[in-house]
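User: I'd like to go through the labels on this model and see what backs each one up. Can we take them one by one?

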Amino acid sequence: MKIRRLGRIVFIPGRKGSGYPFCNSLFIEDERKAIIDPGSDEALLKELASKHRIEVLVNSHYHEDHTAFNCLFEDSQLWVHEAEAPCHKSYAALLDHYGLKGNPCMKEWHDLLLGRYHYRERTPALEFKDGDILDFGCTKAEVIHTPGHTVGHSSLYFPDDGILFLGDLDLSRFGPWYGDAGSDIDQTLASVERLLRIPADIYITSHEAGIIEGDITRLAEQYLEVIDRREEKLIAFLERPRRLEEIVSRWIVYGREREPRFFFEVGEEGMMKKHLERLVKKGRVLERDGRFTLA
């Protein structure tokens, strides 16, 4: 992928095809210059910071691959969704949102978040909410609160440009990610369905495809079908009672054990918990004495 100008909105591709640990960024070159999700390419972002006075920094959500280079824009106003402001103000709150309380690998997590991803506590200048209009001058973006991935995950709609920034509802082959403490499968489904009702000519994702022109309905269907496939695999594995650790070790989401294990295990466990909670609520799975079995 290459840098692409879409009027006053400049698409900045993430390194390595914008796969984790990188994401695509947007540069708004308007009266009020802004960067959205500075997790793309440190060198390119440093160049922008040296050439322009970046007044605003927008984070679509708190995940480390989207905030990694917030540190390059310390003098910029930070704008975030109100539900996630605590994650920026407090490192302890961030860890709670990740669901890391009591995790045995906290040193590794500290090294990752504080070291590699440069997390620093910071007070947002603006806590936006669904329906708010972010004003950059001629360029206006409507906040579309799309929870499920995280509690405050937000997409951005640029109606005058016909552009919809999907964020981490990225229509990737991997499928949706919902492994944090506040993530939710049903909210993810509802958020994608809401985005499909918004008229746009160009869609921008945080990972993989980057820029998509034309109808995204089929891509969205395939993206959400991954949830059903994961659930089907989990149900098949529950042909006899299983403990949570057995289910996590099956690697239904990631397909196989991945390194670093401390990192991927948290995501695998978080998403399997969401499926189990959903199946218990539907009456399809029972939990007895720490084991899960089909009802």
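User: Why is R5 called exposed?

Analyst: Bear in mind that this is a predicted model. R5 has a relative accessible area of 51%, and exposed means over 50%, so R5 gets that label.

User: And E29, why is that one called partly exposed?

Analyst: E29 has a relative accessible area of 26%. Buried would need under 20% and exposed over 50%, so E29 lands in between as partly exposed.

User: What makes E29 and R5 a salt bridge?

Analyst: Their side chains meet at 2.6 Å, N to O, and the cut-off is within 4 Å. E29 sits in the loop between β3 and β4 and R5 in strand β1, so the pair ties together parts that are 24 residues apart in sequence.

User: What makes R32 and E55 a salt bridge?

Analyst: Here the N to O value is 3.2 Å, to be set against the limit of 4 Å. This pair links distant parts of the chain, with R32 in the loop between β3 and β4 and E55 in the loop between α1 and β5, 23 residues apart. R32 has 27% relative accessibility, so it counts as partly exposed.

User: How do you know that R194 and D130 tie together separate parts of the chain?

Analyst: First, the bridge itself: the side chains of R194 and D130 meet at 3.0 Å, N to O. R194 lies in helix α6 and D130 in the loop between β7 and β8, so the parts they tie together are 64 residues apart in sequence. R194, at 26%, is partly exposed, and D130, at 37%, counts as partly exposed too.

User: How many salt bridges are there in the structure?

Analyst: The structure holds 24. There is also a network of salt bridges linking D186, E231, R278 and K282.

User: Why are α7 and α9 called roughly perpendicular?

Analyst: Their axes cross at roughly 75° and come within 11 Å. The label covers 65 to 115 degrees, so α7 and α9 are roughly perpendicular to each other. The contact includes I227, L234 and I235 of α7 and M271, M272 and L279 of α9. Its residues divide into seven nonpolar, one polar and three charged.

User: Which residues touch the most other members of the largest nonpolar core?

Analyst: I35, L94, W109, L164, L234 and I247 do, in a core of 69 residues. Helix α9 gives the most to this core, with eight residues. Apart from it lies another core, of 21 residues, among them I36, L156, F158 and I204.

Notes
Residues are numbered from 1 along each chain as its sequence is written. This is a predicted model: local features need pLDDT of at least 70, side-chain atom pairs count only at pLDDT 80 or more; totals for chains, interfaces and linings use all residues. Side-chain values use heavy atoms; hydrogens and water are left out. A nonpolar core is a set of buried Ala, Val, Leu, Ile, Met, Phe, Trp, Tyr and Cys residues joined through side-chain atoms within 4.5 Å. Buried means under 20% relative accessible area, exposed over 50%, partly exposed in between (1.4 Å probe, protein chains only). Helices (H or I, at least four residues) and strands (E, at least two) are DSSP runs, numbered from the N terminus. Axes are lines fitted to C-alpha atoms, for helices over the stretch in contact, and angles run from 0 to 180 degrees between N-to-C directions. Angles under 35 degrees count as roughly parallel, over 145 as roughly antiparallel, 65 to 115 as roughly perpendicular and the rest as oblique. Contact means heavy atoms within 4.5 Å. Ala, Val, Leu, Ile, Met, Phe, Trp, Tyr, Cys and Pro count as nonpolar, Asp, Glu, Lys and Arg as charged, and the others, Gly among them, as polar.
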